[in-house]
Each structure stands twice: as C-alpha cells, then as structure tokens.
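Work through the following exercises with the sequence and the model side by side. Each task is followed by a solution that goes step by step.

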Amino acid sequence: VHKDASQFRLLCRENSVRPATSELHFWCSFITPDMEHSRLRKGGFDTRFFVYCADAESVRQAAADEQETVQLIWLTPDEALRAAYEGKVTM
C-alpha cells in the first residue's frame, strides 16, 4: 500500500473491511514551504490530516507500521499536555 495506494482497495476487500470514511473529521492541512521543495525527492507535499475517534477495542488493535509511524502512544488531552510539558513527548 505504501508504494501503490491503489492497493488499498484490494487490502480492504481481502480483509472484508470498509474504511469508515464518514467518521473522519478534517483537522488541518500542510503544504511544504517553497524553500524545502528542492531538497525533497518528491518536490514537496500538499497534505490533509484527518482525525478519527476510535473506540477502546480499535485502539488495542492499532500498531505502528514502522514507516509512517514508528511508535504509538494513546493519551487523553490532559495526559498529552502534561507529557509535553514534562518533555516526554514532542508536540
């Protein structure tokens, strides 16, 4: 899927799942600054980020893919702010 996004549909079909796209909520977008384009192999990004409110069972099954994410940590907003203040996580 990382090398060919069109494989996502096949992955879902093989696992008999459908993405809950109606449950995604737009959060923000990021456009690579012009000065960074020449430094990046792909020339830059125009990316949108979405939030999904997962239930406890979904969170227990989540795993880092070791490419886009290398570690997962689940915190409440208060826990996240405290961890950032204490230098345990970077936000």
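**Exercise 1. Find the salt bridges in the whole structure, and state how many there are.**

*Solution.* A search of the whole structure gives three salt bridges, where a salt bridge is a side-chain nitrogen of Lys or Arg within 4 Å of a carboxyl oxygen of Asp or Glu. The model is a predicted one, in which local features need pLDDT of at least 70 and side-chain atom pairs count only at pLDDT 80 or more, while totals for chains, interfaces and linings use all residues. Residues are numbered from 1 along each chain as its sequence is written, and side-chain values use heavy atoms, with hydrogens and water left out.

Step 1. Arginine 48 and aspartate 46 meet through their side chains at 3.1 Å, N to O.

Step 2. Arginine 60 is joined to glutamate 57, with 3.1 Å between the closest N and O atoms; both residues lie in helix α3, three residues apart, which is about one turn of the helix. Helices (H or I, at least four residues) and strands (E, at least two) are DSSP runs, numbered from the N terminus.

Step 3. Lysine 88 pairs with glutamate 86, and here the closest N and O atoms are 3.1 Å apart.

**Exercise 2. Which residues form a nonpolar patch on the surface?**

*Solution.* Step 1. Patches are made of residues with over 30% relative accessible area and no salt bridge, like charges being joined within 9 Å and nonpolar side chains (Val, Leu, Ile, Met, Phe, Trp, Tyr) within 5 Å.

Step 1. The patch consists of Leu24, Phe26, Phe50 and Tyr52, which together have about 430 Å² of accessible area, a quantity that comes from the Shrake-Rupley method with a 1.4 Å probe, only the protein chains shown counting as cover for residues.

Step 2. Leucine 24 sits in the loop between α1 (7-14) and β1 (25-31), and is partly exposed, with a relative accessible area of 40%.

**Exercise 3. Describe the lining of the largest pocket, and state which residues lie nearest its centre.**

*Solution.* Step 1. On a 1 Å grid over the protein atoms alone, a pocket is an open set of points with protein on both sides within 12 Å along at least five of seven lines, and lining residues have an atom within 4 Å of a point.

Step 1. The lining of the largest pocket holds 32 residues, with Leu24, Phe50, Tyr52, Ala62 and Trp74 nearest the centre. The elements that give two or more residues to this lining are α1, β2 (46-51) and α3 (56-61).

Step 2. By class, the lining has 22 nonpolar, six polar and four charged residues; Ala, Val, Leu, Ile, Met, Phe, Trp, Tyr, Cys and Pro count as nonpolar, Asp, Glu, Lys and Arg as charged, and the others, Gly among them, as polar.

Technical notes:
Buried means under 20% relative accessible area, exposed over 50%, partly exposed in between (1.4 Å probe, protein chains only). On a 1 Å grid over the protein atoms alone, a cavity is a set of points where a 1.4 Å probe fits but cannot get out, and a pocket is an open set with protein on both sides within 12 Å along at least five of seven lines; lining residues have an atom within 4 Å of a point.
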